[in-house]
Amino acid sequence: MTFSICVHETYADAAGERTERFGVAVTTRLPAVGSLCPYVSEHGAIATQSMVNERLGEKGLDYVADGVAVGDALEALLNADDGRPERQVHGVDAEGTFAFSGAECHGWYGAREGENYTVAGNLLAGASVVDAVADAYASSDHTEALAPRLIDALAAGQAEGGDKRDALTVQSAALRVVTTADDEEAGGYGNDLRVDASESPVRDLRETYRSATVEFARAAEAYEREE
């Protein structure tokens with residue numbers, strides 16, 4: 001159904017202060033994935049997929065904000081979830097990672113955990129999809145804005161075959177990035193984007209990001225000239 005990536009990064013903001021950012025990017029061969037799967041706050045990032053349980057994302061972030069480790073938070077929620085065997089959920093907080101795939105997820109399904117990131121998917125062409133997403137992110141320049149690198153990671157997974165359901169042409173993609181920076185980081189207007197129904201959602205997400213950053217910057221410059 002879906003493949004997604006959750007990320008935590010630490011970087012220095014414009015004032016040189018230590019800053020956290022969290023992000024999720026996701027794509028699937030169904031419409032409006034951005035309304036269901038990605039959950040991000042200044043404390044963590046979670047993706048819930050396969051047979052989606054939104055509570056895993058919503059309450060998971062609440063628990064993380066209260067100081068519970070992301071793995072402990074999601075395990076507790078899964079233990080109380082009758083649909084656990086059908087769930088796939090993964091995420092990161094400032095200290096660690098977590099990934100779970102229930103035994104009733106449909107293949108190929110699986111996950112990969114790396115340093116400060118997780119990738120998971122189900123109904124995929126194969127394990128190489130998850131590996132391609134992870135490798136693309138891990139090899140990216142972490143000093144650059146996160147949103148376009150998440151799009152690049154989705155594109156790498158799609159190039160490996162992505163979601164295997166070729167008969168479904170309506171697809172979607174979404175990304176969300178949240179930062180603890182006091183000032184809005186460069187590219188901030190491209191940090192919450194959705195493509196809800198498209199035959200080329202990742203490409204369209206990239207174009208939406210370009211419009212949300214480049215075109216907004218042009219509009220801001222024009223506004224300043226008018227003042």
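Start with Trp-108. Trp-108 sits in the loop between strand E6 (97–101) and strand E7 (110–114). Strands here are DSSP runs of at least two residues, labelled E and numbered from the N terminus. What kind of peptide bond joins Gly-107 and Trp-108? A cis one, with omega about -5°. For context, most peptide bonds are trans.

A word on ground rules. This is a predicted model: local features need pLDDT of at least 70, side-chain atom pairs count only at pLDDT 80 or more, and totals for chains, interfaces and linings use all residues. Residues are numbered from 1 along each chain as its sequence is written, and side-chain values use heavy atoms, with hydrogens and water left out.

Next, phi. Most residues other than glycine have a negative phi. Ala-32 has a positive phi, near 60°. Ala-32 lies in the loop between strand E2 (18–28) and strand E3 (38–40). Asn-116 is not a glycine either, and its phi is positive, about 70°. Look for Asn-116 in the loop between E7 and strand E8 (117–122).

Buried or exposed? Buried means under 20% relative accessible area, exposed over 50%, and partly exposed in between, with a 1.4 Å probe and protein chains only. Ala-32 is partly exposed because its relative accessible area is 21%. Asn-116 is at 31%, so Asn-116 also counts as partly exposed.

Last stop, Val-177. Val-177 is in strand E9 (residues 171–179). At 8% relative accessible area, Val-177 is buried. How far apart are the C-alpha atoms of Val-177 and Asp-192? They are separated by 6.5 Å, with the two residues 15 apart along the chain.

Terms used:
Helices (H or I, at least four residues) and strands (E, at least two) are DSSP runs, numbered from the N terminus.
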